[in-house]
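Have the sequence and the 3D view open side by side. The paragraphs below go through the sheets and helices in turn.

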Amino acid sequence: NAVIGIVGGGQLGRMSAMAAAKLGFKTHILTQDPNGPAAQVSSGITLGAYDDLAVLEQFARAVDVVTFEFENISADGLDCLAQHCPVRPSGAILRTSQDRSVEKTFLTQAGVPIAPWHPVTDHASLQVAAEKLGFPFILKTARDGYDGKGQRRVYTPDALTEAYAALAPRALVAEGMVDFACEISVMVVRGANGTVRCFDPAQNFHRNGILDITVAPAPIAPELTQQAQTLATTIAEKLELIGILGVEMFIDRTGNLLVNEIAPRPHNSGHWTMDACPVDQFDMHIRAVAGLPLPPAQRHADAVMKNLIGPDDMALWPQIIATPTFLPHLYGKAEARRGRKMGHVNLVFPYSGLPGALGIQDALGPLATPDTTEN
Ligand code: ATP
Ligand code: MG
Ligand code: MG
């Protein structure tokens with residue numbers, strides 16, 4: 001009856017802990033919030049900072065294997081934990097995904113196509129990036145960004161200085177703006193014995209920089225599905241991943257796949273698997289972390305996932321809970337602050353071999369958002 005340690009106390013930790021419980025594991029959380037989403041459903045908690053050595057030692061003594069549920073933690077801390085027990089995925093993988101420059105360099109070395117980019121550390125490198133990329137382009141902080149935070153779109157040369165000032169002095173990357181036809185993600189999981197499984201690609205729609213809706217399967221040609229899963233598999237193998245990882249990709253107007261970023265953890269765009277797959281992303285992750293076999297990543301239904309973000313979406317709660325076809329997943333967060341992910345709703349439909357058969361707006365009914373295509 002092994003104890004799985006989870007660094008981080010948010011909703012991804014909560015749903016991982018619930019999956020672990022199904023397989024008979026206890027979970028022990030390292031968090032600063034004793035009442036957070038993961039702590040509420042775990043058997044043990046170590047309270048404290050992720051980079052405090054004494055705290056890490058105490059946490060390590062309570063667990064048999066460690067995983068993490070968010071990325072803005074110290075990779076050095078994970079290395080320290082690795083002296084006591086296996087850390088899955090490894091601190092090295094976290095280090096790669098934490099810094100966009102390192103991540104992009106890794107992807108290119110792995111032969112994975114990405115958008116053109118340049119590192120930006122000062123005004124001179126900013127000018128070079130602008131000349132090479134042309135306008136518009138996107139400036140992003142190399143580290144610590146999520147939900148579109150730490151990004152500025154630069155449309156004209158006059159806007160350069162202001163965009164730079166808003167993000168500097170942190171290290172930045174400048175990325176060419178991809179005029180994408182579709183944004184998709186693939187959840188890939190690799191077991192301790194090297195077995196790799198990929199879920200079907202799903203299409204993602206963002207609102208205000210935050211994931212709003214995911215549709216599975218993505219309405220793309222079978223060849224693109226194959227290519228997307230091959231890229232995800234390459235990434236998992238090159239990283240020697242153990243655990244699950246989300247790969248965000250663009251499909252440009254000419255049908256080319258470009259990887260945007262990777263996240264070595266369960267991913268919001270994989271929540272549809274919870275009601276459309278016999279073994280969902282959290283089950284797969286826990287199996288990988290615990291060294292158990294990975295069954296095929298089967299899907300038995302089409303699905304739409306709608307995030308419940310902040311007070312506006314939570315205002316729909318009475319309607320959601322009264323509608324039997326809406327499958328709710330709440331995270332147990334007390335306050336519905338603006339932009340905060342409070343939960344999600346899945347809708348499932350009979351399995352179709354016809355991606356795109358699903359009309360999102362029709363499927364979502366009252367949960368449909370006015371403009372889901374805006375980023
Ligand atoms: P996440 O919450 O997924 O970690 P993030 O803050 O790390 O988000 P990105 O995923 O890099 O940010 O960007 C957020 C969204 O902005 C993307 O999902 C995409 O819709 C859009 N975007 C980012 N980079 C580009 C690009 N180079 N071209 C076009 N759109 C982009
Ligand atoms: Mg990100
Ligand atoms: Mg992203």
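Two residues are said to be in contact here if their C-beta atoms, placed from the backbone, lie within 7 Å. By that rule, Arg 95, Thr 96 and Ser 97 in helix α4 meet Val 102, Glu 103 and Phe 106 in helix α5. The contact of α4 with α5 is made up of two nonpolar, two polar and two charged residues. Helix α4 covers residues 91-98 and helix α5 covers residues 100-109. Their axes are 5 Å apart and the helices pack at an angle of about 105 degrees, which makes α4 roughly perpendicular to α5.

The model is a predicted one. Its chain is divided into domain 1 (3-87), domain 2 (116-176) and domain 3 (180-367). Between the C-alpha centres of domain 1 and domain 2 there are 34 Å.

Start with the sheet that contains strand β1. What is the order of the strands in this open sheet, and is the pairing parallel or antiparallel? The order of its four strands is β3-β2-β1-β4, and the pairing is parallel. At the edges are β3 (44-47) and β4 (65-68), each of which pairs on one side only. From one strand to the next, the twist averages 25 degrees. Strand β1 (residues 3-7) and strand β2 (residues 26-31) run parallel and are joined by five bridges. To find this pair in the view, look for Val 3, which stands opposite Lys 26 in β2.

A second open sheet also has four strands, in the order β5-β8-β6-β7, but here the pairing is antiparallel. Its edge strands are β5 (117-120) and β7, and each pairs on one side only. The twist in this sheet averages 20 degrees from one strand to the next. In general, strands of a sheet pair through backbone hydrogen bonds, either parallel or antiparallel.

The pairs of this second sheet can be followed one by one. Which residues does Ile 138 pair with in β8 and in β7? In β8 the bridge partner of Ile 138 is Glu 175, while in β7 Ile 138 stands opposite Arg 153.

One more helix pair remains to be described. Helix α1 (residues 11-22) and helix α10 (residues 281-289) have axes that come within 8 Å and cross at roughly 70 degrees. Angles of 65 to 115 degrees count as roughly perpendicular, so α1 is roughly perpendicular to α10. The crossing of α1 past α10 is right-handed. On the α1 side, the residues in contact are Met 15, Ser 16, Ala 19 and Ala 20. They meet Phe 282, Asp 283, His 285 and Ile 286 in α10. By class, this contact has five nonpolar, two polar and one charged residues.

Notes:
Residues are numbered from 1 along each chain as its sequence is written. Chains are lettered from A and ligands numbered from 1 in the order in which they are written. This is a predicted model: local features need pLDDT of at least 70, side-chain atom pairs count only at pLDDT 80 or more; totals for chains, interfaces and linings use all residues. Domain bounds come from an automatic or database domain assignment. Axes are lines fitted to C-alpha atoms, for helices over the stretch in contact, and angles run from 0 to 180 degrees between N-to-C directions. Helices (H or I, at least four residues) and strands (E, at least two) are DSSP runs, numbered from the N terminus. Angles under 35 degrees count as roughly parallel, over 145 as roughly antiparallel, 65 to 115 as roughly perpendicular and the rest as oblique. A crossing is left-handed if the near helix is turned anticlockwise from the far one by less than a right angle, and right-handed if clockwise. Ala, Val, Leu, Ile, Met, Phe, Trp, Tyr, Cys and Pro count as nonpolar, Asp, Glu, Lys and Arg as charged, and the others, Gly among them, as polar. Two strands pair if DSSP finds at least two bridges between them.
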